[in-house]
Amino acid sequence: MKAVIFDLDDTLFDHTTSATNAIHSWVPELGGTLSDELVAQWFVIEKHRFDRWLNGDTTHQGQRRERLRDFLPLIDQPVPDTDAELDEIYGGFLRHYRDHWVAFADAEPALNVARSNGWRIGVLTNGSSAQQNAKLESIGLASLVDVVCTSELLGVSKPDPAAYLKTCQALGAVRQG
């Protein structure tokens with residue numbers, strides 16, 4: 001074996017905890033009331049809208065705006081009329097999200113084991129390139145990863161086998177010819 005590929009969100013990076021903590025600090029700032037049901041609903045909306053982006057039905061920023069159009073009424077907040085206003089509100093969530101970014105406790109040890117075996121390390125993620133690379137840097141794992149491939153960069157998303165093949169190629173782990 002020459003290489004190993006890891007997912008990022010909820011494998012190396014604790015997206016669920018990071019987003020949950022962000023919601024807990026962001027929703028009161030918006031004037032909303034927190035509940036376990038509200039947090040759960042955020043993740044339902046997130047998955048639905050993110051999947052629309054992965055399917056090519058909207059832009060990355062468009063899926064963020066769609067999330068807010070679905071979520072704001074749940075906390076009795078008006079949905080702004082303009083994209084700029086939606087982007088500003090979503091920016092508030094992103095600030096809280098970034099403030100809570102955290103790796104799983106076993107992420108760095110797992111990458112170190114892979115490195116000690118002489119394997120090249122890749123991350124294959126369906127997120128946006130800028131954000132996913134920023135996560136790796138922020139949580140201290142970027143220096144342990146050789147290649148970061150995103151659906152945005154590859155033009156194909158998991159679970160399509162082409163995403164894995166392209167990541168293997170980027171890692172130099174595919175025989176040519």
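Modeller: Arg 95 lies in helix α4 (helices are DSSP runs of H or I with at least four residues, strands are E runs of at least two, and both are numbered from the N terminus). This is a predicted model, in which local features need pLDDT of at least 70 and side-chain atom pairs count only at pLDDT 80 or more, while totals for chains, interfaces and linings use all residues. Residues are numbered from 1 along each chain as its sequence is written, and side-chain values use heavy atoms, with hydrogens and water left out.

Colleague: What is the relative accessible area of Arg 95?

Modeller: The value is 46%, so Arg 95 is partly exposed (buried is under 20%, exposed over 50%, partly exposed in between, with a 1.4 Å probe and protein chains only).

Colleague: How far apart are the C-alpha atoms of Arg 95 and Trp 26?

Modeller: They are separated by 8.9 Å, although the two residues are 69 apart along the chain.

Colleague: At what angle do α1 and α4 pack?

Modeller: The angle is about 130°, and the axes are 8 Å apart (axes are lines fitted to C-alpha atoms, for helices over the stretch in contact, and angles run from 0 to 180 degrees between N-to-C directions). α1 is therefore oblique to α4 (under 35 degrees is roughly parallel, over 145 roughly antiparallel, 65 to 115 roughly perpendicular, the rest oblique).

Colleague: Which residues make that contact?

Modeller: Among them are Ala 19, Ile 23 and Trp 26 of α1, with Ile 89, Phe 93 and Tyr 97 of α4 (contact means heavy atoms within 4.5 Å).

Colleague: And α3 against α4: how do the axes cross?

Modeller: The axes of α3 (residues 60-71) and α4 (residues 83-99) come within 9 Å and cross at roughly 85°. The two helices are therefore roughly perpendicular to each other. Arg 64 and Leu 68 of α3 are included in the contact, as are Leu 86 and Tyr 90 of α4.

Colleague: Changing topic, how many residues has the largest nonpolar core?

Modeller: It has 35 residues, and Leu 12, Trp 42 and Phe 93 are among those with the most contacts inside it (a nonpolar core is a set of buried Ala, Val, Leu, Ile, Met, Phe, Trp, Tyr and Cys residues joined through side-chain atoms within 4.5 Å). Elements giving two or more residues to this core include α1, α3 and α4.

Colleague: What does Leu 12 touch?

Modeller: Leaving aside neighbours within four places in sequence, Leu 12 is in contact with residues including Phe 6, Phe 104, Leu 111 and Leu 141.
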